[in-house]
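Me: I want to learn how to read a fold like this one. Can we take the features one at a time?

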Amino acid sequence: MNSVCIPTYNGQKFIRMQLESILKQLSEDDEIIISDDSSNDGTVEVIKSFNDDRIKLLEHNDFHSPIYNLENALKQAKGDYVFLSDQDDVWMDNKIQVCRSYLEENDLVIHDADVIDGESRILHKSFFELNHTREGKLYNLLKNGYLGCCMCFRKSLLEGVLPFPKHLPMHDIYIGNYAAFNHYKIKFIGERLIHYRRHGNNASITSEKSNRNIFSRLSDRLIILQSVCK
């Protein structure tokens, strides 16, 4: 069984396209768990319009945080395999099939993506290339190649990372480093399996070049390291 977990907030513009790209890959036994952080646009109405029993919508949340909004969805996941998803990307038709093949021998899989803008025009053919993503525990603690919308993992890893520690800088950095420093098997794969949308309102700090100073970034890494080593 596959569980797709999506945190939403004011995602009306893109959420229909994203859900359509996911639902056609799911079996009747799979699920999409959406935690909505009190959107004040038409996001919830668009989600409900699908009228699909595989979609489980958690409404009226007040997290004011994409991190703990996602955690709320993850806590409800029942699948043996968990896929993280943003509200504004588009999955390629073979994403689940390819990821499941790699999850047979790995606990966490991170795949590549092409990068698109708000009008779905391709900005870059490879996020890995754009981000200089590569394998390595220490490299990814400092640089971070763990892009959440490109991550999927076994339920055993989910049971390890929950509940999220307080004051996380971002969930994907935490999940990836937790796996790395706790001896889970991680695989980066070169297949581009989503259209990753960058449009200026992305919640993930991996989505844009950071303009934070080095002391703030080092502080984030210390928080991550302390959290994953507990």
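Reply: We start with a strand. Six of the six residues of E2 are buried, so E2 is largely enclosed by the rest of the structure. Buried means under 20% relative accessible area, exposed over 50%, and partly exposed in between, with a 1.4 Å probe and protein chains only. Helices (H or I, at least four residues) and strands (E, at least two) are DSSP runs, numbered from the N terminus. This is a predicted model: local features need pLDDT of at least 70, side-chain atom pairs count only at pLDDT 80 or more, and totals for chains, interfaces and linings use all residues. Residues are numbered from 1 along each chain as its sequence is written, and side-chain values use heavy atoms, with hydrogens and water left out.

Me: Which residues lie on each side of E2?

Reply: In a regular strand the side chains alternate between the two faces of the sheet. On one side of E2 are Glu-31, Ile-33 and Ser-35. On the other are Ile-32, Ile-34 and Asp-36. Both faces are covered, and these residues are all buried.

Me: How many bridges join E1 to E2?

Reply: Two strands pair if DSSP finds at least two bridges between them. E1 and E2 are joined by six and run parallel. Within that pairing, Val-4 stands opposite Ile-32.

Me: Which strands pair with E4?

Reply: E1 pairs with E4 in the parallel sense, over four bridges. Here the partner of Ser-3 is Val-82. E8 (residues 151-154) runs antiparallel to E4, with three bridges. There Phe-83 has Cys-152 as its bridge partner. E4 (residues 81-84) is covered on both faces: Tyr-81 and Phe-83 are buried on one side, Val-82 and Leu-84 on the other.

Me: What covers the buried residues of H1?

Reply: The cover includes strands E1 (2-8), E2 (31-36), E3 (55-58) and E5 (90-91), along with helix H2 (43-49). The buried residues of H1 (residues 15-23) are Ile-15, Gln-18, Leu-19, Ser-21, Ile-22 and Leu-23.

Me: Where is Leu-26 found, and what does it touch?

Reply: Leu-26 is in the loop between H1 and E2. Leu-26 is buried, at 9% relative accessible area. Contact means heavy atoms within 4.5 Å. Not counting residues up to four places away in sequence, Leu-26 touches Val-4, Glu-31, Ile-32, Arg-54 and Ile-96.

Me: How many disulfides does a search of the whole structure find?

Reply: A disulfide is a covalent bond between the sulfur atoms of two cysteines. The test is a pair of cysteine sulfur atoms within 2.5 Å. The search finds zero. The closest cysteine sulfur to that of Cys-150 is in Cys-149, 4.2 Å away, too far for a bond. Cys-152 is in no disulfide either; its nearest cysteine sulfur, that of Cys-99, is 3.6 Å away. Cys-150 counts as buried at 1% relative accessibility, and Cys-152 is buried at 0%.

Me: Which residues touch the most other members of the largest nonpolar core?

Reply: In soluble globular proteins, nonpolar side chains tend to be buried together. A nonpolar core is a set of buried Ala, Val, Leu, Ile, Met, Phe, Trp, Tyr and Cys residues joined through side-chain atoms within 4.5 Å. The largest one has 64 residues, and Leu-19, Ile-32, Leu-74, Phe-153, Tyr-174 and Ile-175 touch the most other members. Helix H8 (residues 171-181) gives the largest share of this core, seven residues.

Me: Is H8 enclosed or open?

Reply: 11 of the 11 residues of H8 are buried, so H8 is largely enclosed by the rest of the structure. Among them are His-171, Asp-172 and Asn-177. His-183 follows H8 and has a positive phi, near 65°.

Me: Where does the charged end of Lys-137 sit?

Reply: A charge sits over a ring if NZ of Lys or CZ of Arg is within 6 Å of the ring centre and within 35 degrees of the ring normal. The charged end of Lys-137 sits over the ring of Phe-181, 5.0 Å from its centre. Phe-181 is in H8. Phe-181 and Lys-137 are 44 residues apart in sequence, yet 7.4 Å apart C-alpha to C-alpha. Likewise, the charged end of Arg-134 sits over the ring of Tyr-139, 3.8 Å from its centre.
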